[in-house]
Amino acid sequence: MVRIVGYREIENEEGTPFFLLELQGGIEMVLSQTTNRYYATAKRAFISSTFNESTCLALIGTEMEGKIVKEECEPYQYVIKETGEEITLAHRWVYLPEGAPEPQKQTKTPAEVLQADVSTFSSNGVHELA
């Protein structure tokens, strides 16, 4: 289960405003790598909506079937608010409705995806059809 905990107004490429719903998963206990103590946290994700602001406000607290999962993506820069440290991430958190298939894990790096399959080329310089 996830819960709608907030919303945010943003603009698309054409400058038209729309609202994102902020979703939060259940509580999870995570072991701190620096203090070696557990702390409580929850995964968050944003999904776009067609709702107006008053509807988004009314939806806060609504629970939905599903979960928030990690999805691989192109690397991007992220600044940690508390420390100001800039890090590179290659994942994002996305909402997955109940019963939907898990996102595919990328098994090849982007460079490997772009490389040609050498088995399709002749190894002796002569074109042969198999």
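Predicted model: local features only at pLDDT ≥ 70, side-chain atom pairs only at ≥ 80, totals over all residues.
Tutor: Residues are numbered from 1 along each chain as its sequence is written, and side-chain values use heavy atoms, with hydrogens and water left out.

Student: What makes E1 and E2 a pair of strands?

Tutor: Strands are DSSP runs of E with at least two residues, numbered from the N terminus. Two of them pair if DSSP finds at least two bridges between them. E1 and E2 have eight bridges, in the antiparallel sense, so they pass that rule. One example is Gly 6, whose bridge partner in E2 is Glu 22. The two strands form a hairpin with five residues between them, and Gly 15 in the turn has a positive phi of about 90 degrees.

Student: How do you know that E1 also pairs with E6?

Tutor: Two bridges join E1 (residues 2-11) to E6, running antiparallel, and at least two is what pairing asks for. Arg 3 stands opposite Glu 63 in E6. On another side of the story, E2 and E5 pair over five antiparallel bridges, with Gln 24 opposite Arg 44 in E5.

Student: Which order do the four strands take in the open sheet, and why do E5 and E6 stand at the edges?

Tutor: The order is E5-E2-E1-E6, with antiparallel pairing. Strand E5 (44-48) and strand E6 (63-64) each have a single partner strand, so one side of each is left without a neighbour in the sheet.

Student: Why is Phe 19 called buried?

Tutor: Buried means under 20% relative accessible area, exposed over 50%, partly exposed in between (1.4 Å probe, protein chains only). Phe 19 has 9%, so it counts as buried. Tyr 7 has 25%, so Tyr 7 is partly exposed.

Student: What about Ile 27, buried or exposed?

Tutor: Ile 27 has 68% relative accessibility, so it is exposed. Ile 27 lies in the loop between E2 and strand E3 (28-31).

Student: How do you know that there are zero disulfides?

Tutor: A disulfide is a pair of cysteine sulfur atoms within 2.5 Å, and a search of the whole structure finds zero. As for burial, Cys 56 is at 0% relative accessibility, so it is buried. Cys 73 is buried too, at 16%.

Student: What makes Asn 36 worth a look?

Tutor: Asn 36 has a positive phi of about 60 degrees although it is not a glycine. Most residues other than glycine have a negative phi. Asn 36 is found in the loop between E3 and strand E4 (38-41). With a relative accessible area of 58%, Asn 36 is exposed.
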